[in-house]
Amino acid sequence: MRFTSEHRLDDGILEREFTLGEIPGTLWTPESAAPVPLILMAHNNGLPKGEPRLVARARHSASYGYAVASIDAPGCGDRPRSAADEQARADLRRAMRAGEPVDEIFESFIGPLVEKTVPEWRTTLDALLALPEIGGPVGYSGWTAVGIRLAVAEPRIAAAGFFAGGYVPHAQREEARRVTVPLLLLLQWDDEGNPRQRALDLFDAFGTKEKTLHANMGGHTGTPWFEVDDGNRFFGRHLK
């Protein structure tokens with residue numbers, strides 16, 4: 001892991017950009033004399049790590065005493081996209097403009113993205129836990145499809161907070177039954193692109209005995225800010 005920039009923010013949080021092979025990432029750490037727990041934070045469907053809503057969440061969680069890390073998934077952010085990625089995104093935009101079904105397009109796009117992204121998260125986790133300022137345990141927050149696979153494949157994940165707003169491929173819906181860590185799922189009741197019943201069915205499918213559903217009125221990007229505080233308290237129960 002090579003740090004490429006470092007900034008001390010007004011709230012005392014240290015923000016560092018890093019590269020790990022081809023993986024670009026950002027790490028936010030609080031001022032602390034002792035190693036702190038870690039939260040891996042991913043945006044739905046591979047939006048860039050620099051997306052303002054993700055950055056705001058990451059800084060807020062760091063202010064609660066967590067190290068927070070985010071990476072750009074393959075083909076996302078500044079990472080090059082394959083011809084297949086570009087075609088899938090073009091097909092998705094066309095179908096959405098035309099009001100056509102998009103599940104098959106999402107399946108062809110998100111499924112392979114999950115397969116490529118999860119190994120990179122595990123590689124990043126190895127490097128992060130080698131840093132002296134990070135001591136674990138580890139939580140995951142954000143993109144549900146990747147989070148499900150990571151929670152199943154990675155025994156170091158101790159708790160997970162998912163957003164129900166992103167498409168979850170069929171493979172990950174089946175894998176949800178194998179998720180056994182404490183779970184918080186956030187649902188926007190009127191999410192225009194994600195059927196409510198599908199999210200409720202997914203919540204029912206999770207195999208963990210400790211799972212909580214928070215549902216709020218509003219559309220896809222309307223998750224209330226107080227849910228960030230509730231999420232930090234959720235992680236506080238399981239990571240500290």
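Biologist: Which side chains meet in a salt bridge with D126?

Modeller: Look for a Lys or Arg nitrogen within 4 Å of a carboxyl oxygen of Asp or Glu. In this predicted model, the partner of D126 is R156, at 2.7 Å from N to O. The two sit in distant parts of the chain, with D126 in helix 3 and R156 in the loop between helix 4 (144-153) and strand 7 (157-163), 30 residues apart.

Biologist: Are D126 and R156 buried or partly exposed?

Modeller: Go by relative accessible area, where under 20% is buried and over 50% is exposed. D126 has 44%, so it counts as partly exposed, and R156 does too, at 31%. They also belong to a salt-bridge network that takes in R122 and E154.

Biologist: How many salt bridges does a search of the whole structure find?

Modeller: There are 15. One of them joins K49 and E17, with the closest N and O atoms 2.8 Å apart. K49 is in the loop between strand 4 (36-42) and helix 1 (52-63) and E17 is in strand 2, so this pair ties together parts 32 residues apart in sequence. K49 is buried at 13% relative accessibility, while E17 is partly exposed at 23%.

Biologist: And what about the largest nonpolar core?

Modeller: Nonpolar side chains in soluble globular proteins tend to be buried together. Here that core has 55 residues, and L38, L40, Y140 and W143 have the most contacts inside it. Helix 3 (residues 103-129) gives the most to it, 11 residues. A second, separate core has 17 residues, among them L9, Y66, A159 and F234.

Key. Residues numbered from 1 in each chain as written. Predicted model: local features only at pLDDT ≥ 70, side-chain atom pairs only at ≥ 80, totals over all residues. Heavy atoms only, no water. Core = buried A, V, L, I, M, F, W, Y, C linked by side-chain atoms within 4.5 Å. Buried < 20%, exposed > 50% of the residue type's maximum accessible area, 1.4 Å probe, protein only. Helix = DSSP H or I, 4+ residues; strand = E, 2+ residues; numbered from the N terminus.
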